[in-house]
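Visitor: Hi! Could you walk me through this one?
Guide: Happy to, have a look first.

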Protein chains: 2
Amino acid sequence: MVDIREVGPRDGLQAEEPVPVADRVRLITALMDAGLRHIEVCSFVSPKAVPSMAGAAEVVAALERRPGVTFTALVPNVKGASMALEAGVDEVTVTISASPTYNEKNVRMTVDESLAQVGEICELAGAVPVDAVVSCAFGSPYEGDIPPDDVAGLGDRLLSAGATSLTYADTTGMGTPRRVRDLLDSTGASVGLHLHETRGTALVNAFTALEAGVQRFDTSIGGLGGSPFAAGAAGNLATEDLVHLLDDSGLETGVDLERLLAVSTLVADLVGHAVPSKVAEAGPRDTRAN
Amino acid sequence: MVDIREVGPRDGLQAEEPVPVADRVRLITALMDAGLRHIEVCSFVSPKAVPSMAGAAEVVAALERRPGVTFTALVPNVKGASMALEAGVDEVTVTISASPTYNEKNVRMTVDESLAQVGEICELAGAVPVDAVVSCAFGSPYEGDIPPDDVAGLGDRLLSAGATSLTYADTTGMGTPRRVRDLLDSTGASVGLHLHETRGTALVNAFTALEAGVQRFDTSIGGLGGSPFAAGAAGNLATEDLVHLLDDSGLETGVDLERLLAVSTLVADLVGHAVPSKVAEAGPRDTRAN
């Protein structure tokens, strides 16, 4: 079974106008109803920096806990981790960049400083898993291409620091099938991927990774998202688009596409605009004309 | 070298407000300047049915002929073929559908009637190559999935009728990597593909086909297009997006991406709106942030 981590309630809503806590809970509940079992529900960041993520603890507190469902929260620092753990999330995600310049611009820390902070967060987390998301893993808009062995080396250091799993992110859409294969040659396939549609390659990159053995993907309902701090980052791989492809490939996701498409409609309503997902727009391939 | 047949001046502009002949000639010239060597320049259809394709003969007459460049025209019937041959095109394309209902709705003929007409066109064309484009080759919004052997069988009948090459079209975006492989298993890889972005799968389908040995693709500058007669057909695979992927895969296209992106800007200007191509929007993967 492919592990789809739905990041829409965090990464998708992050750059949107704030959606009330009750509606975010409604969205996450609808995602669970559609069969998603791994959901990034919020981030514990400063509401001043990211107003749309205010009320993270309230979101977690209001969610119905269901067996087999993992709630993840993004934490930017030790304070955020402490709040997330206090709120009772099942997993925390931390970010660090394979691109030194991107790291400094995004979090005003060197990569070594970020790495030290990840270590502190992992220590604090104890038995709660910490997934480290390595941004700009397929290239940086600052340094250009980053040698895959360097990216994999950062992954090794993250594991040594206590991270329990690794996700490689194509933050600004520089990934291509070739770059995916090159990176997986260095990292192995037991990693997650977080792909962006900046250059229309998210689905071809995901498919290439699947064929190389990757079993874990971040996606966002509707294809919403894109870092507010990364120019031209564009949307995330849409959950609908990946589920649609996996369904037709005969691969299990546990997600019901029809129910998922009802959530696409819901999230478009919550953010007040159409979502980028093509499958949300066109319907699945078995849609019939009149 | 991958053979990219640029269909923007025909398929791309077909559903747009009419662009003057002189501007269409300017567009085609810019495409040649960018390195494209195979261009569908117009269709010889009734200007009443498709106003944007009026002046097809004038377009062909005004074009500078360059060695190694093939100009193609779509013809809907024998009369159109006669006009196209008179105008001096190097190749004609004819369409027929793997979906009987689509064929009847699109051209008000049975598939057998269309096939007979293709035979007449091929006879008239003599030494001029006739490429037969089989629409709904990856499924139909009317009949649903069509067995690949049936689609390939229609291809065989087209070759028997005189067609010199075959292109399989994913008219309403029902193609997926699995369907691409299934069809190529039946047809062999010496065919062209004409892919649509209806469900965001054009690039992953193209890449799957490339890996299966396909060397010929229809693309449209900016990703413009989509049949005005097929609900939800959405845009064609964007030339920029395919060239960008092929470049990074180390595959030769003869196309200069930077020049091509200048043509994206030109075509957006000519049609009066932004184009769907993601690479046109974001720039190539080596674009740097400030």
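**Where the chains meet**

Guide: In this predicted model, 33 residues of chain B are in contact with 33 residues of chain A; contact means that C-beta atoms, placed from the backbone, lie within 7 Å.

Visitor: Which element of chain B gives the most to the side that touches chain A?
Guide: Helix 10 of chain B does, with 4 residues. Helices here are DSSP runs of H or I with at least four residues, strands are E runs of at least two, and both are numbered from the N terminus.

Visitor: And how do the residues on that side of chain B divide?
Guide: Into 13 nonpolar, 11 polar and 9 charged. Ala, Val, Leu, Ile, Met, Phe, Trp, Tyr, Cys and Pro count as nonpolar, Asp, Glu, Lys and Arg as charged, and the others, Gly among them, as polar.

Visitor: New topic: where is B:Val2?
Guide: B:Val2 sits in the segment before strand 1 (3-6) of chain B.

Visitor: Why does it count as partly exposed?
Guide: Because B:Val2 has 18 C-beta neighbours inside 10 Å; 20 or more would be buried, 12 or fewer exposed.

Visitor: What is the average pLDDT of chain A?
Guide: Chain A averages 96, and 97% of the residues score at least 70; pLDDT is the predictor's confidence in each residue, from 0 to 100. Over residues 228-232 of chain A, though, the pLDDT is below 50.

Visitor: How are things numbered and counted?
Guide: Residues are numbered from 1 along each chain as its sequence is written, with chains lettered from A and ligands numbered from 1 in the order in which they are written. Local features need pLDDT of at least 70, side-chain atom pairs count only at pLDDT 80 or more, and totals for chains, interfaces and linings use all residues.

Notes. Two residues are in contact if their C-beta atoms, placed from the backbone, lie within 7 Å.
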